[in-house]
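Dear colleague,

Please find below the structure I am handing over to you, followed by a short account of what was found in it.

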Amino acid sequence: MVHPRLYWGEVGNDLTEPILELPISRNYKHGGYESNGPIYQPAAATQAPAISASRTFDIFNQNGWGRSLHFLAGWFLVIFGSVYFVLGIFAGHFRRNFLPSRYELTASSIRQDVTDHLRFRIRNATGGPDYGLLQKASYLGVVFLALPLMFATGITMSPAVAAAFPFLLDIFGGHQSARTVHFFAFAALAVFLLVHTLMVAKSGFRKQIRGMTLGVKDEQ
Amino acid sequence: MIVAGLTGVGGLLLSSCSSAEQLPPTYGNLLRAGDNLTYSAQRALLPDGTLAREYTTADISSFPATGTVDPGDLKHPKTSEEFRQLRAGNFGSYRLTVEGAVARPGSFSLAELKSFPARTQITKHVCEEGWSAIGQWTGVPLSRVLYAAGLLPSARFVSFHSYDDWSDSIDMLDALHPQTILAYSMNGRELPLQHGAPLRLRVERQLGYKSMKYVRRIVATEFLDDGGDRGNPKNGWAWYVGI
């Protein structure tokens with residue numbers, strides 16, 4: 001990562017305080033700056049002056065192709081995701097298969113499903129629904145929370161989109177807040193991807209893949 | 001293959017919606033084709049004249065200086081003797097040349113640029129690296145300079161060339177935008193060396209690397225000049241970075 005620091009608000013850079021620093025590249029705490037001195041003296045005497053400093057450190061940066069790939073993938077997400085989302089709603093898939101029933105939301109049901117997962121007792125696949133409780137919660141979280149947040153915080157960081165729709169900055173509390181939320185939404189999706197793949201493999205890989213691609217499902 | 005085809009069709013479909021739109025070359029690169037899809041989509045879907053948010057002096061923040069911080073630095077690979085001399089004379093001999101698709105090509109001194117009605121804006125600089133900073137910029141709107149040079153109706157893009165040998169361009173929509181200025185002042189003081197003295201561009205609805213520092217020469221063009229071998233697309237960076 002080119003800039004392994006997260007902030008809150010509108011502003012955040014190597015010369016301001018981060019809320020979190022991530023030790024994931026050689027850019028982490030590189031400290032390679034030469035001070036240029038104060039760049040602005042605020043009116044209030046109690047406020048520290050804004051400073052400027054020249055970066056001397058040769059940072060790791062593969063963002064050129066990285067950004068372009070990121071936004072190309074973004075088009076796929078938006079186009080296919082919209083179709084999936086609309087179909088999911090109007091074909092009743094979300095209502096039938098994602099919403100937990102009253103019986104699933106009892107304390108004992110929840111406890112049972114959690115225990116099963118912790119003991120790695122995963123039901124054999126039928127190649128489709130019905131989904132378990134934690135499974136439903138994961139899908140709901142991904143489709144209705146994580147992915148919409150990824151998209152919304154992502155476009156908020158676009159200077160052109162934020163100029164056209166400044167309310168986006170207000171919703172998320174600024175550019176850097178959107179960036180931080182975007183990062184944590186990514187982290188959640190990464191965890192989902194890992195767990196999801198594991199569950200598909202554990203519950204019967206061939207059957208699941210056949211179900212996902214050819215729509216073949218066992219009736220039980 | 002499917003991916004390439006879909007992207008190509010998508011890009012073509014969108015660009016055919018605005019038949020006059022020129023796109024930067026892709027050099028056969030799928031990623032550059034994706035960039036063009038994004039550019040076309042933003043031009044088609046976003047309203048034209050919106051302003052980037054402007055802030056108050058209380059919001060002015062610390063501001064890193066990255067990339068070239070002194071084109072005259074002898075250690076800089078593109079070190080400029082011309083810049084060293086200008087700086088030694090406190091930019092008294094600096095002249096911004098304006099040429100290309102204009103009726104009256106010529107040049108402007110700093111004093112002449114400062115004599116135009118100025119615009120002061122406190123805006124957010126968003127670097128592609130992920131950081132952001134807020135600064136106050138004062139300068140002459142690019143549109144005023146272009147009109148003073150007699151911008152021709154055939155002009156579609158404006159190219160910029162810097163003392164540290166960068167070459168980049170923007171389309172006319174961005175060039176004539178009220179917040180697109182040639183700044184000679186930062187935070188109420190003379191533009192510091194590290195931030196682009198004597199003159200830097202501000203393009204407020206795109207990422208920071210479009211706001212070129214150390215501007216030397218401006219060329220209005222009918223055709224998109226992406227900088228060729230020294231430009232961004234050839235070197236793996238998108239030409240349009242509204243996102």
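In chain B, the C-alpha centres of domain 1 and domain 2 lie 27 Å apart. The automatic or database domain assignment places domain 1 of chain B at 1-46 and domain 2 at 51-235. Their contact (C-beta atoms, placed from the backbone, within 7 Å) takes 5 residues from domain 1 of chain B and 6 residues from domain 2 of chain B.

This is a predicted model, in which local features need pLDDT of at least 70 and side-chain atom pairs count only at pLDDT 80 or more, while totals for chains, interfaces and linings use all residues. Residues are numbered from 1 along each chain as its sequence is written, and chains are lettered from A and ligands numbered from 1 in the order in which they are written.

Between the chains, 45 residues of chain B are in contact with 41 residues of chain A. On the chain B side, α2(B) gives the largest share, 7 residues; helices (H or I, at least four residues) and strands (E, at least two) are DSSP runs, numbered from the N terminus.

An open sheet of 3 strands also involves both chains, in the order β3(A)-β4(A)-β1(B) and with mixed pairing; two strands pair if DSSP finds at least two bridges between them. Its edge strands are β3 (33-40) of chain A and β1 (63-65) of chain B. Strand β4 (residues 50-55) of chain A runs parallel to β1(B), and 3 bridges join the two. Within β1(B), B:Phe63 stands opposite A:Ser52, and B:Pro64 is the bridge partner of A:Ala53.

With kind regards

Definitions and conventions. Contact = placed C-beta atoms within 7 Å.
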